[in-house]
Amino acid sequence: MTRGFFITFFLLLCARVWAQTETEVYLFDLELNKGKPVLTNPKNISNNSGYDNQPSFWDDDRVLFASTRKNQTDILKFNVKEGSTSTWLTYTTTGSEYSPLRIPNKNAISAIRLDIDGLQRLYEYDLETSGSTPITDLKIGYHVWFNNHILVATVLVDNRMDLMVINLEKDTKKTVYKNVGRSLHLIPGTELVSFISKKGKVWEIMSLDPLTGMTQKITNVYGQEEDFCWLDKNTIITGAGKKLLSLDIGSNTNWETIIEFPQEEINNISRIAISPNRKRLAFVAEESAAKIIEKQVSSFNNRDIESFTSCFSDDVLVQRFPDKTMYKGYSKMVENYERFFENVKTSRVEVVNRIVLGNIIVDEEITKVDGRNGHQVAIYQVENGLITSMTFIFADGPLTDAESIVKEQLKAYNNRDIDAFAATYADDVELFKFPKILTLHGKQNLEQEYGTLFENTPDLHCDIKNRIVLGNKVIDEESVTMNGKVFRTIAIYEVENGKIAKVTFIR
């Protein structure tokens, strides 16, 4: 590697240390209908380019959260009653504030301050004087006030967080549990605090009595979701992807979906908070994954390697469809694109079609490199605001009228005609889950599986919302109605010798 690469890579790495996922804070009115939570009147109360996170309620009508301005993060207060206005509560030029909470019985808030020299401490901010003082010298990650002098907090220890009870009056600190998550809440109607145990493979929601140090399991988390809050002492609300779910811990029911958001801009819901009177709910959502793709396309066209590579994760995987690895890792990407921009005089990508499915983006792209035109499809996977994989599809298959046979199979599918449907497929057809997990092989198995589906699903119907044709491949964005529910999926059909030989599904 050249010295230039090392200098460039060092500068890019430093910039990435301070990078944060673009998020927004949403606020809803909350009601109960036959005991079930219902959300109405949505508002984006941050509406800010950058990082907005960690909402908490000052009272029933005012929300605190961390928000980015002028390249730092400060604490903002949003007032619902006063015309939905916002007021900045902190402006610390030597650092940024996160995770604001109202301190009980005080006109003050507490927040984590991350100074530009890397020091991380919990501070108290007096809202009358605007002064700030450190609360403890511990490196605290997250906290909740049990009362105005007892804190329950996570403390950073090596590569984990431990749960500690801190009594400010008695100046005592006691570790009560090791390896916990970031979600800490008072459990309504009790003298307990909830937290997440990460000791086992299955994370558990636990309760803590801060006065005795006693802990007890409540239930398992939903999947591996880190954030939840309490609607009442028996009802937990959590987020997963584009959904909010609830669980009644006093019954034998499973997690139930409260709402699923179709909006492209709401993804990976986290950091949920509920007002003291249980009339409002706030959460954080990542912006559309398409925004990070637009940024990397624009940066590529501007030949801005720093901006371009900042869109990718440290362990980014770049491959040729379906799963042939081209290279892996952020440093390798920097090296490859630095060399590309050095050796190519002109380069441009034009996105002519786009399919968005949650954190999956499929772009049909026309490329022009030193006057040579190209046609390709790129499949991007985005997590935590960064591109984790980029899979290229090229028009390198046999020339064929691929779209016609795919249209025939769609017509047969909607008619639930298993003979006509199976006739569009090759005898050794293979169905995959992206990128290459085999789920079905052979026409006989296809006839059996889809025949049963056709017989048992009278409302079965598929609509094509978008289509990309590239050589022998047809990429469809599909909306499938089945048993009263609608599902979205992406199907990649590969046609050989006039038959569908492979189908790869992205869900």
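Reply: Lys70 is exposed, with a relative accessible area of 70% (exposed means over 50%, buried under 20% and partly exposed in between, with a 1.4 Å probe and protein chains only). The model is predicted, so local features need pLDDT of at least 70 and side-chain atom pairs pLDDT 80 or more, while totals for chains, interfaces and linings use all residues. Residues are numbered from 1 along each chain as its sequence is written, and side-chain values use heavy atoms, without hydrogens or water.

Lys70 has a positive phi of about 50 degrees, although it is not a glycine. Most residues other than glycine have a negative phi, and most peptide bonds are trans. The residue is found in the loop between strand E4 (62-69) and strand E5 (72-79); strands (E, at least two residues) and helices (H or I, at least four) are DSSP runs numbered from the N terminus.

E4 and E5 belong to an open sheet of four strands in the order E3-E4-E5-E6, with antiparallel pairing. Its edges are strand E3 (52-57) and strand E6 (85-88), each of which pairs on one side only. From one strand to the next the twist averages 30 degrees, with axes fitted as lines to C-alpha atoms, for helices over the stretch in contact, and angles running from 0 to 180 degrees between N-to-C directions.

Two other residues also have a positive phi. Asn179, which is not a glycine, has a phi near 65 degrees and lies in the loop between strand E14 (172-177) and strand E15 (185-186). Asn179 is partly exposed, at a relative accessible area of 25%. Arg416, which follows helix H5, has a positive phi near 50 degrees.

As for H5 itself (residues 402-414), its 13 residues should span 18 Å at 1.5 Å a residue, and its end C-alpha atoms are 19 Å apart, which agrees; the expected span is 1.5 Å times one less than the number of residues. Ala402, Ile405, Val406, Gln409, Leu410, Ala412 and Tyr413 are buried in H5. These residues lie on the same side of H5, because they cover an arc of only 165 degrees around the axis, taken from the directions from the helix axis to the C-beta atoms. An α-helix has 3.6 residues a turn, so residues three or four places apart point the same way.

Peptide bonds come next. Phe321 and Pro322 are joined by a cis bond with omega about 5 degrees, and Pro322 sits in the loop between strand E25 (312-320) and strand E26 (324-328). A cis bond also joins Phe434 and Pro435, again with omega about 5 degrees; Pro435 is in the loop between strand E31 (425-433) and strand E32 (437-441).

Ser110, in strand E8 (residues 108-115), is buried, with a relative accessible area of 0%. Its side chain makes a polar contact of 2.7 Å with that of His143 and one of 2.8 Å with that of Trp145 (a polar contact is a pair of N or O atoms within 3.5 Å; within protein, one must be able to donate a hydrogen and the other to accept it, and residues adjacent in sequence count only if both atoms are side-chain atoms). Leaving out residues up to four places away in sequence, Ser110 touches several others, among them Leu101, Leu122 and Tyr123, where contact means heavy atoms within 4.5 Å.

Definitions and conventions
Two strands pair if DSSP finds at least two bridges between them.
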